[in-house]
Amino acid sequence: FLSLILTFGFGLLLGPHHPFMRLAVDAVIVPVEAALMAILAVTLIYASIRLMRRRIDLMSVLFLIVAVVFLLAVMPTPFGNIPGSDFIIDVTGMFSRGGARGLLLGIALGTMLTGLRVLFGIDRPYGGN
């Protein structure tokens with residue numbers, strides 16, 4: 001918690017383009033992104049293996065193919081990008097941005113509805129009649 005407060009304070013004082021702030025952000029964001037990508041890869045492959053054990057149909061094979069193509073497209077290679085990977089990343093980014101917007105809209109509407117229920121007295125989260 002102290003590190004969070006100190007980093008936030010340095011960010012306000014130094015600004016986002018200061019070399020120390022760039023180093024601090026890169027030291028946190030890059031490892032977190034790599035860890036989340038590893039978790040995503042393991043989860044997708046595990047889910048496709050379980051799906052193929054239960055049934056083998058067009059959708060399960062398509063899920064496996066899409067998971068492998070997506071993982072190959074975002075995987076860093078020593079020889080540069082795989083041809084066509086930019087298009088795949090753009091298309092999957094379009095769908096993920098749409099999903100993220102849908103989730104955010106759902107969260108906003110749910111929060112607003114809960115707030116209205118509390119304000120009108122329909123829901124009493126802290127007890128009472």
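**Exercise 1. In this predicted model, find which residues of H3 and H4 meet, and describe how the two helices pack.**

Solution. Start with the residues: on the H3 side they are Val 69, Phe 70, Ala 73 and Val 74, and on the H4 side Ser 85, Ile 88, Ile 89 and Thr 92. Next, sort them by class: six are nonpolar, two are polar and none is charged. Then turn to the geometry. H3 and H4 (residues 85-119) pack at an angle of about 115°, and their axes are 9 Å apart. Finish with the hand of the crossing, which is left-handed.

**Exercise 2. Work out how H2 is oriented relative to H3, and list the residues that make the contact.**

Solution. Begin with the angle: H2 (residues 19-54) and H3 (residues 58-74) pack at about 160°, with axes 9 Å apart. Angles over 145 degrees count as roughly antiparallel, so H2 is roughly antiparallel to H3. The crossing of H2 past H3 is left-handed. Now the contact itself: H2 brings Met 37, Leu 40, Ala 41, Leu 44, Ile 45, Ala 47, Ser 48, Leu 51 and Met 52. From H3 come Ser 60, Val 61, Phe 63, Leu 64, Ala 67, Val 68, Phe 70, Leu 71 and Val 74. By class, 16 of these contact residues are nonpolar, two are polar and none is charged.

**Exercise 3. Search the whole structure for aromatic pairs and classify what you find.**

Solution. The search gives one pair. Its partners are Phe 10 and Phe 20, with 5.5 Å centre to centre and 80° between the planes. Planes over 60 degrees apart count as edge-to-face, and that is the class of this pair.

**Exercise 4. Check the confidence of the model.**

Solution. First take the whole protein: the mean pLDDT is 82, and 95% of the residues score at least 70.

Note on methods: Residues are numbered from 1 along each chain as its sequence is written. This is a predicted model: local features need pLDDT of at least 70, side-chain atom pairs count only at pLDDT 80 or more; totals for chains, interfaces and linings use all residues. Side-chain values use heavy atoms; hydrogens and water are left out. Axes are lines fitted to C-alpha atoms, for helices over the stretch in contact, and angles run from 0 to 180 degrees between N-to-C directions. Helices (H or I, at least four residues) and strands (E, at least two) are DSSP runs, numbered from the N terminus. Angles under 35 degrees count as roughly parallel, over 145 as roughly antiparallel, 65 to 115 as roughly perpendicular and the rest as oblique. A crossing is left-handed if the near helix is turned anticlockwise from the far one by less than a right angle, and right-handed if clockwise. Contact means heavy atoms within 4.5 Å. Ala, Val, Leu, Ile, Met, Phe, Trp, Tyr, Cys and Pro count as nonpolar, Asp, Glu, Lys and Arg as charged, and the others, Gly among them, as polar. pLDDT is the predictor's confidence in each residue, from 0 to 100. Rings of Phe, Tyr and Trp (its six-membered ring) pair if their centres lie within 6.5 Å; planes under 30 degrees apart count as stacked, over 60 as edge-to-face and the rest as tilted.
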